[in-house]
Structures are given as C-alpha cells and as structure tokens.
Amino acid sequence: MDIEALRTFVEVADAGGVSPAARRLGVSKSIVSRQLARLEAELGIQLLARTTRGAALTEAGLTFRDHAARACAEMDAARDAILPSEELRGRLRISAPLSFGPTHFASVFAEMARRHPQLHVHTAYSDRFVDIVAEGFDCAIRVGYLPDSSLIARCVGPLHGKLVASPDYVKAHGAPETPKDLATHEALMQGTEAWQFMDGDKVVTVHPRGRFKADNGRALISAAVAGLGIAWLPDGLTNEYLASGALVPVMTRYPPPPAGIYVIRPPGRHPARKVRVLTDMLIACFEPFPRI
C-alpha cells in the first residue's frame, strides 16, 4: 500500500476536504483526488463521502483513519531510525505567532532549511492559537502562558513583558498602582484573557476590561501609543517604544510572573526527529541571549 496515499487520506480526513488538504500538502487537488481514488480502489471500500462542503468520513473511513495515521507515524519513526543522524527529509509544518514569527523565529526556520536540503519547511504565521492536531501541524511556537491541554510543551527560552501605556493616557487617567486599580482603566487585550502579577511570592489574577481588542501584538502597540489604554506586552515588542518615550511602563511594583517561549507538539511517546532538531535550534538561539 502506498504510504503517500495513506498520508494524503489522513490529511483529507483531518482537513475536512480535498481542497484544504491540497493546500496543506502543497499539491494540486487533482493529485489528491487521484491518490484517494487509488487507495479506495485498492481497499475496495469508500473512505470518504464527498459533499458540496468538503468530505466526510464514512464509518469505514473513520476506523481506517486512525490505523493509517499510526502507520504513517511508524513509517516516519522507521525512516528517522535509518537515516544518517544529520539528515532530515519530508515536511515540517510549523505554526508560529505573527507578532514575533517573522522577526524572532523566521531566521531559525531558514537556517534549518539550509542545513537540511531534503526537508520541506512550511510555516503559517498567525497570532490565534491554532488546533495543531486538527489543522495538521507538526508543531507550534507559543509565547506567554500556556493553557492546560493534552499537548506536549517544551520551553525553549524566557519571555519578559510588562504593562505599558502612553504618556498621554497616564496624564489623562493616571497610572494604576496595584492590580485592583486596573478595574478602573481601559485594557487593551487580545480577547478575554486574564492578567497575572506577582505580589511578593503570591500570584494575583485580574480580569481587565476594555473596548479595544486585537489578536496581534503590534496592533495593540498602536492602540497603546494612541492613548487608548494599558496593554500587557512582551519586551521584544515594546523596547523601541519605551526607548523613544512613546510608551512608559506602569505598575512596575507588580511584575508579571515568568513566561516562556514554547514548542508545542501533539501528544505521543516520542517527538519526530525534525521537531526535536527544531527545538534544539531554538534553545540554542534563545537560552544564551534571550531576545524577547
């Protein structure tokens, strides 16, 4: 049975259709359709029910998908075991944050591709928390604090951040002195997240409110510079604005708890070697000279 046909079937099953699977794989829809047809012909059973909205797994397809995914994972592990230790092949699909990815991570991804000419590196930049299992990513780079999940995380470096606001905002509204004071201030947030601060050895959690929200750190910086409110942002985004005086730190007696830069991967006993190599490269990049 063709292993590439199995991979294609798993991608279509996880992506929910031929078109999104073709985009993930970087091939044409016709190639994906031919591989699926060949696999179904070989098995003598229909795996997918095509609809106008995509493709849905049949009962047989639902059962076969898990076996196919395990077979692909085993084949990847077998290939890793026999390849020279310095050689990587196949595809590495990474989700990275838009706010930091192009400036802080892209050079590491490029260096990995340079070192491994047989490896296809595909990166998607977005500040939303993608579902790496459902969307077919090998791993994701996350910055900040991690929510509880079944995913496996490895910290590759520290993340430092603080509350900032524009001088005009502070002049008009004052600056919060304690976490409780934030209840009377406009917060610039990504969504409905909680903010945490250290009060000695104790972690204090607050749920700020504000009318301006954006899922991108640089958009929140623009709002802060415009005087719309107070933002919690990593130093890597705010250093130049603090240096120029466009932003000032506020509530410095209550710093945020330590955060980090993480490589997230799907659950499993052993990470793929390509993910391990990427993780080691990021650790080498950020541990000696943290830049965020």
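These legends describe close-up views of a predicted model.

**View 1. Five strands form an open sheet.** The strand order is E11-E8-E12-E7-E13. The pairing is mixed. In general, strands of a sheet pair through backbone hydrogen bonds, either parallel or antiparallel.

**View 2. Strands E11 and E13 stand at the edges of the sheet.** E11 covers residues 212-213, and E13 covers 248-249. Each has a single partner strand, so one side of each is left without a neighbour in the sheet.

**View 3. Strands E8 and E12 run parallel.** E8 spans residues 187-189, while E12 spans residues 230-234. Two bridges join this pair. Look for Leu188: its bridge partner in E12 is Ala231.

**View 4. Helix H8 lies across strands E7, E12 and E13.** The helix is made of residues 235-244. Strand E7 is 161-165. H8 runs at about 115 degrees to E12.

**View 5. Helices H1 and H2 cross at roughly 120 degrees.** H1 holds residues 3-15, and H2 holds residues 18-25. Their axes come within 8 Å. The two helices are therefore oblique to each other. H1 passes H2 in a right-handed crossing.

**View 6. Side by side, residues of H1 meet residues of H2.** From H1 come Thr8, Glu11, Val12, Asp14 and Ala15. From H2 come Val18, Pro20, Ala21, Arg24 and Leu25. Which classes make up this contact of H1 with H2? Six residues are nonpolar, one is polar and three are charged.

Terms used: Residues are numbered from 1 along each chain as its sequence is written. This is a predicted model: local features need pLDDT of at least 70, side-chain atom pairs count only at pLDDT 80 or more; totals for chains, interfaces and linings use all residues. Side-chain values use heavy atoms; hydrogens and water are left out. Two strands pair if DSSP finds at least two bridges between them. Helices (H or I, at least four residues) and strands (E, at least two) are DSSP runs, numbered from the N terminus. Contact means heavy atoms within 4.5 Å. Axes are lines fitted to C-alpha atoms, for helices over the stretch in contact, and angles run from 0 to 180 degrees between N-to-C directions. Angles under 35 degrees count as roughly parallel, over 145 as roughly antiparallel, 65 to 115 as roughly perpendicular and the rest as oblique. A crossing is left-handed if the near helix is turned anticlockwise from the far one by less than a right angle, and right-handed if clockwise. Ala, Val, Leu, Ile, Met, Phe, Trp, Tyr, Cys and Pro count as nonpolar, Asp, Glu, Lys and Arg as charged, and the others, Gly among them, as polar.
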